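Please look over the sequence and the fold shown here before reading on.

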Amino acid sequence: DENSRMILERLRADYIIEKDVKVTLTNVAKVFFQFALERPQFYYFMMTMMYSAKNSETYIAAKPWISQIYQELITIFDRWKSVLGNMNGRQDQFARSYFGFLNQYLYSIKEEIENGRIYTVDCKMIEGIIHQFMYGIVV
């Protein structure tokens, strides 16, 4: 599917990985936020599928996409294992926490927009979200 390929290509782009873990995670978050805002129907439909019952046809249909996203995130966290000393082989756990963290924010933003509240997603907001995530995994 074109949408799935697009987000994976963006996650694999050279500019994503920086010399600083916080900048890298911010770049990755920007990919998800930009994609969800550009293609909200697809993104939120996939999110719904991702959180459906594990044996459902819906989940099974979304599983390849979900697995690819997780694998990209695991790869990104694996690159930072020497910097994030408390990771201790938990790249998979960090990737899942990070993806869930971003999805919760994206869902909240979607609700704000649907309820008629003007919601601006900018770099400063995304950096704040990543700062919050980093505080949770570094401390």
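The accessible surface of the chain comes to about 8100 Å², and 52% of this surface belongs to carbon and sulfur atoms; such areas come from the Shrake-Rupley method with a 1.4 Å probe, and for residues only the protein chains shown count as cover. The model is a predicted one, in which local features need pLDDT of at least 70 and side-chain atom pairs count only at pLDDT 80 or more, while totals for chains, interfaces and linings use all residues. Residues are numbered from 1 along each chain as its sequence is written, and side-chain values use heavy atoms, with hydrogens and water left out.

The secondary structure of the chain consists of six helices and zero strands, where helices (H or I, at least four residues) and strands (E, at least two) are DSSP runs numbered from the N terminus. Along the principal axes, the C-alpha atoms of the chain fill a box of roughly 40 × 35 × 25 Å. The chain has a radius of gyration of 15 Å, which agrees with the value near 14 Å that a compact globule of 139 residues would have; this radius is taken over C-alpha atoms, and the globule rule is 2.2 Å times the number of residues to the power 0.38.

Of the 139 residues in the chain, 42% are buried, a word that here means under 20% relative accessible area, as against exposed at over 50% and partly exposed in between, with a 1.4 Å probe and protein chains only.

Two packed helices are described by the angle between their axes and the distance between the axes. Helix H2 (residues 21-38) packs against helix H5 (residues 91-114) at an angle of about 40°, and their axes are 11 Å apart; axes are lines fitted to C-alpha atoms, for helices over the stretch in contact, and angles run from 0 to 180 degrees between N-to-C directions. Where the two helices meet, the residues of H2 include Leu-25, Phe-32 and Phe-33, and those of H5 include Tyr-98, Leu-102 and Ile-109, with contact meaning heavy atoms within 4.5 Å.

Helix H5 also holds Phe-94, which counts as buried because its relative accessibility is 6%. Phe-94 and Ile-74 are 20 residues apart in sequence, and their C-alpha atoms are 7.7 Å apart in space.

In helix H4 (residues 57-79) lies Glu-72, which likewise counts as buried, at 14% relative accessibility. Leaving aside neighbours within four places in sequence, Glu-72 is in contact with Leu-8, Leu-11 and Arg-12.
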